[in-house]
Amino acid sequence: MASGPPENDPGDSGLTVGPPKEYAAGIPAVVQSLRHGGRQMGAKRTLLTLLSVNQKTGFDCPGCAWPEGDHRHAAEFCENGAKAVAEEATLRRVTPAFFAEHSVAELLERSDYWLGQQGRLTHPMYLAPGARHYTPVSWEQAYDIMAGELAALDSPDEASFYTSGRTSNEAAFVYQLFVRALGTNNLPDCSNMCHESSGVALSETIGIGKGSVSLDDLHQADLVLVVGQNPGTNHPRMLSALERTKRGGGHVVAVNPLPEAGLLRFRNPQRPSGMIGRGTALADEFAQIRLGGDLALFRALNRLLLEAEDRAPGTVVDRAFVEEHTDGFEEFAADVRATPWAEVLEATGLEREQIERIHQRVLKARKIVVCWAMGLTQHKHSVPTIREVVNFLLLRGNIGRPGAGVCPVRGHSNVQGDRTMGIYEKPADDFLDALEKEFGLPMPRHHGLDVVDTIRAMRDGRVKVFFAMGGNFVSATPDTAVTEQALRRTALTVQVSTKLNRSHLVTGRRALILPTLGRTEADLRGGGPQVVTVEDSRSSVHASRGTLAPASPELRSETAIVCELAERVLAARGEPPSVPWRAMAEDYDLIRDRIARVVPGFEDFNRRVRHPGGFVLPHGPRDDRHFPTATGKARFTVNPMTVLYVPEGRLLLQTVRSHDQYNTTLYGLDDRYRGIHGGRRVVFVHPDDLAALQLADADRVDLVGEYPDGAERVAPDFRVVSYPTARGCCAAYFPETNVLVPLDSTADLSNTPTSKSVVVRLVRRGTADLAAA
């Protein structure tokens with residue numbers, strides 16, 4: 001029997017701290033998966049639903065985008081995947097009666113966790129100007145409200161259309177088509193805040209902004225470097241792939257400021273030895289790097305490789321590959337040879353002996369994969385850092401070789417597919433040309449707004465309608481106070497959602513909540529079940545089929561919502577009916593036929609995606625070492641050394657997720673791998689740094705962010721946790737610390753918020769004058 005949601009908001013009242021774990025998964029992961037499912041869904045529903053996750057005839061996990069192999073386990077999910085499914089398939093409901101009982105002001109006082117635990121949204125809801133409560137509204141009335149606000153705009157660019165990563169390919173394609181038919185490219189998405197730096201760096205250097213490796217490549221690799229990533233919490237199924245790397249004789253190097261349990265030891269719950277034995281030690285080397293020091297580390301490794309080539313010409317650098325497939329080598333080599341060791345050691349916080357040991361592992365490995373996540377992408381110098389990673393791989397020909405390549409590990413389930421479908425504020429002319437040819441509509445050619453620029457535009461009164469296809473924009477974005485103020489300046493905010501979150505409570509003058517189907521639910525349109533598709537982080541496209549009855553008969557799919565809205569809005573503007581919106585809303589095969597004619601690699605889409613397991617999109621660098629860059633070759637780049645200097649008495653803060661969290665969704669208040677239970681307002685600090693700051697474990701502090709312009713931001717009341725982080729660094733959970741990330745502090749070239757390098761001072765609670773602390 002599933003239990004009801006918490007009546008009281010526990011907050012951090014039960015916070016306790018214990019020792020961190022030295023392994024991930026095992027029996028505790030199985031127990032937690034079943035316990036969470038039982039609370040949300042009941043035992044029988046839990047079992048039936050979980051056995052369909054990530055199966056070839058089932059539905060794609062609404063959590064991460066980690067790929068599946070051809071041969072799948074009956075339980076092809078991880079603990080956090082099970083939690084994601086349980087949150088979506090929950091029996092709890094948020095009905096109109098809930099909104100009648102709770103005002104917006106009252107709900108704003110609740111925590112993100114409490115809001116999410118209330119359950120699935122069941123009806124379209126409307127917040128009128130000046131109203132205190134949401135009230136139910138029909139779909140027809142909701143469409144009329146949206147159409148009226150959009151028609152009243154002086155320019156289509158006064159609206160911005162956000163997308164989270166869980167939207168299907170079909171929904172994303174019709175969404176971007178509607179937005180461009182409206183006349184704007186304002187299509188911010190969650191990639192802007194996470195892996196935009198990866199896309200920018202890879203597009204410049206290898207010509208495609210996606211990873212180049214498959215699961216088989218990871219299994220075959222001689223060496224895998226896992227950099228700025230916590231797979232034990234964020235992509236637990238990756239641990240199975242790394243275990244196979246080790247079983248095949250490969251090695252793993254972990255590079256991270258925090259020791260992560262999953263990279264220390266993995267107890268595979270799909271293997272008896274993982275359930276009852278000690279499991280597999282994954283990381284052969286743990287380089288506890290200082291925040292932001294990754295560029296310096298890879299520059300040092302590149303210098304060592306060049307020097308090794310000098311000593312033994314023709315044995316280290318893949319000269320044939322470099323000469324045939326790359327350009328810029330001489331400029332790169334001249335610059336990297338001048339890398340000063342003193343700056344490397346200061347930037348990384350590592351000993352030279354350890355860097356030399358990693359170099360020796362590199363020399364012994366012919367097939368190398370570098371994996372990374374937001375630990376690399378959310379710094380001011382993130383794009384140069386990833387370019388330096390590419391330099392490292394190019395030197396030895398490790399792109400386009402089996403068992404080797406670039407592996408940015410993206411988060412949400414279809415975030416990569418959304419971009420492939422055209423969710424991008426800077427679309428390529430070829431893509432717009434194909435849309436115009438297919439639909440006979442003129443496409444806007446000027447660049448639109450990304451996430452940060454959308455917030456700025458709302459703040460400045462230039463965007464008046466904000467439409468969000470999924471996600472929790474308020475909690476996901478930086479500079480919380482500025483973001484909330486910006487949203488409140490709009491005329492209308494619209495949230496297409498499955499569950500209640502804070503973004504429903506920070507609204508424009510008017511607001512709509514549109515409840516939508518989840519990935520687990522059957523999508524019945526046109527008299528039959530519809531299939532949607534997704535693209536995983538290895539460019540594999542496959543079908544997803546929900547099986548559960550919808551949480552409410554009022555729910556509509558994201559695809560149907562977009563098509564119905566587009567038909568209403570464009571007809572009201574007198575647009576010629578050149579797009580069969582209503583037909584596409586009833587039959588998604590018609591959408592896939594259009595995608596097949598517009599998006600390269602999707603030819604014969606409907607037939608190919610019905611093959612069990614789907615198909616893999618072409619990837620020039622991986623497939624035949626074709627690099628679609630400006631020069632037609634992979635590009636070595638020159639990336640100046642970056643050392644992050646922190647004033648005395650300050651620390652460098654990174655935001656992290658807990659183990660009971662996926663992006664902004666909180667499944668619980670524990671982070672058992674780090675020893676945290678019953679709360680989230682903690683800051684992890686090295687014991688030597690605590691001594692230097694005259695603080696002690698369990699002290700209560702305010703986190704005060706400091707910035708070059710003299711401005712300060714405060715995240716109040718955190719418990720200090722003595723923890724083996726890198727010296728000079730600290731960590732705390734987001735979204736609680738997003739308030740410390742300034743809107744204008746973004747990565748060069750990608751405009752991604754710098755959530756991994758915030759200078760803070762820790763001020764003991766009760767200090768009268770924060771500024772003087």
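This is a predicted model: local features need pLDDT of at least 70, side-chain atom pairs count only at pLDDT 80 or more; totals for chains, interfaces and linings use all residues.
Trainee: How many aromatic pairs does a search of the whole structure find?
Mentor: A pair of aromatic rings is described by the distance of the centres and the angle of the planes. Rings of Phe, Tyr and Trp (its six-membered ring) pair if their centres lie within 6.5 Å; planes under 30 degrees apart count as stacked, over 60 as edge-to-face and the rest as tilted. Over the whole structure, the number of aromatic pairs is 22.

Trainee: How far apart in sequence are the parts that the pair of F173 and F439 ties together?
Mentor: The rings of F173 and F439 form a tilted pair, with 6.2 Å centre to centre and 45° between the planes. Helices (H or I, at least four residues) and strands (E, at least two) are DSSP runs, numbered from the N terminus. Because F173 lies in helix 8 (residues 169–182) and F439 in helix 23 (residues 429–439), the pair ties together parts whose separation in sequence is 266 residues.

Trainee: Is F173 buried or exposed?
Mentor: Buried means under 20% relative accessible area, exposed over 50%, and partly exposed in between (1.4 Å probe, protein chains only). With a relative accessible area of 0%, F173 is buried.

Trainee: Which helix holds both F329 and F332?
Mentor: F329 and F332 form a tilted aromatic pair, 6.2 Å centre to centre with 55° between the planes. Both residues are buried. They are three residues apart, about one turn of the helix, and both lie in helix 17 (residues 329–337).

Trainee: Over the ring of which residue does the charged end of R110 sit?
Mentor: A charge sits over a ring if NZ of Lys or CZ of Arg is within 6 Å of the ring centre and within 35 degrees of the ring normal. R657 lies over the face of Y662, at 4.9 Å from the ring centre. One aromatic cluster is formed by F98, F99, W114 and Y134. The charged end of R110 is 4.0 Å from the centre of the ring over which it sits, that of W114.

Trainee: Which residues touch the most other members of the largest nonpolar core?
Mentor: A nonpolar core is a set of buried Ala, Val, Leu, Ile, Met, Phe, Trp, Tyr and Cys residues joined through side-chain atoms within 4.5 Å. In the largest one, which has 65 residues, the members touching the most others are F161, F178 and W581. Helix 8 gives the most to this core, namely nine residues. A second, separate core of 55 residues includes L202, L304, L306 and A634.

Trainee: Which helix contains N169?
Mentor: At 0% relative accessibility, N169 counts as buried. Contact means heavy atoms within 4.5 Å. Not counting residues up to four places away in sequence, N169 touches N414, G417, D418, M421, T533, V534, E535, V541 and I595. The residue is found in helix 8.

Trainee: Which residue does a cis peptide bond join to F734?
Mentor: The loop between strand 32 (729–733) and strand 33 (758–764) contains P735. L749 lies in the loop between strand 32 and strand 33, and its phi is near 80°, a positive value in a residue other than glycine. The cis peptide bond, with omega of about 10°, joins F734 to P735.

How values were computed
Residues are numbered from 1 along each chain as its sequence is written. Side-chain values use heavy atoms; hydrogens and water are left out.
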